Amino acid sequence: EVLDRPAPAFGRLLELRRTRRVALALQESLLGAPPEVPGLDIVARYASSAAANEVGGDWYDSFVTPDGATALIIGDVSGHDLQASVTMSKMRNMLRGIIVDRRMPPGDVLRRLDRATSLLGPEEGTVTCVYARIEETAGGGRQLSYSVAGHPPPLLVTADGRARFLEDAQDLLLGGLKPHGLLRASATEPLEPGSTVLLYTDGLV
């Protein structure tokens, strides 16, 4: 009887550990290495939560688009369970498909993602995201076009050490909260040589 009493609790603990392993494996399988882009140094860092039952839906992504721009993405799905990781994978893959399909301002891309999410998976919950594009300008320099959906704003650090948050394209988080038909904000920022752009989730702070 003494041995039988803890059995359900041990079973729940084992199930929790198994679920966490599955969620972490799913999450880490989608967090690939950034692309090698001449003239850019792209570095990604991810650390899972120390809490035993928290896996979450944070993700990042970076790839070269068909038109030659470099896409930078970071996002966070509400929740700390396997469902959050599943939703994260759906959002990542839908966003990739929209970006590759056509060239659009970042705000328009996130508007399409929000619309697709509200139609195909209204139960997915809320999601924050930053989508940015690094593009070459006509003069040979680079610029950052970006849109922020309820996420902490990007941080720009210039070569001489000046730092400021990029807050000109703040908008509502994803999840069908923005009325259909309204545009999402986009903004463009010149990137001087030696600049650093930091994208992060609220887990950092």
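Analyst: Among contacts in the protein chain (heavy atoms within 4.5 Å) between residues at least 6 apart in sequence, 61% join residues at least 24 apart. The model is predicted, so that local features need pLDDT of at least 70 and side-chain atom pairs pLDDT 80 or more, while totals for chains, interfaces and linings use all residues. Residues are numbered from 1 along each chain as its sequence is written, and side-chain values use heavy atoms, leaving out hydrogens and water.

The protein chain holds 3 helices and 9 strands, taken as DSSP runs numbered from the N terminus (helices H or I, at least four residues; strands E, at least two). From the N terminus, their order is α-β-β-α-α-β-β-β-β-β-β-β. Of the 205 residues, 38% count as buried, that is, under 20% relative accessible area, with exposed meaning over 50% and partly exposed in between (1.4 Å probe, protein chains only).

The strand to examine is β8, residues 187–191. Ala187, Glu189 and Leu191 form its covered face, whereas Thr188 and Pro190 lie on the uncovered one. In a regular strand the side chains alternate between the two faces of the sheet. The partner β4, residues 142–149, pairs with β8 in the antiparallel sense over 5 bridges; pairing requires at least two DSSP bridges between the strands. Within this pairing, Tyr146 stands opposite Ala187 of β8.

Val205 is exposed, at a relative accessible area of 83%.
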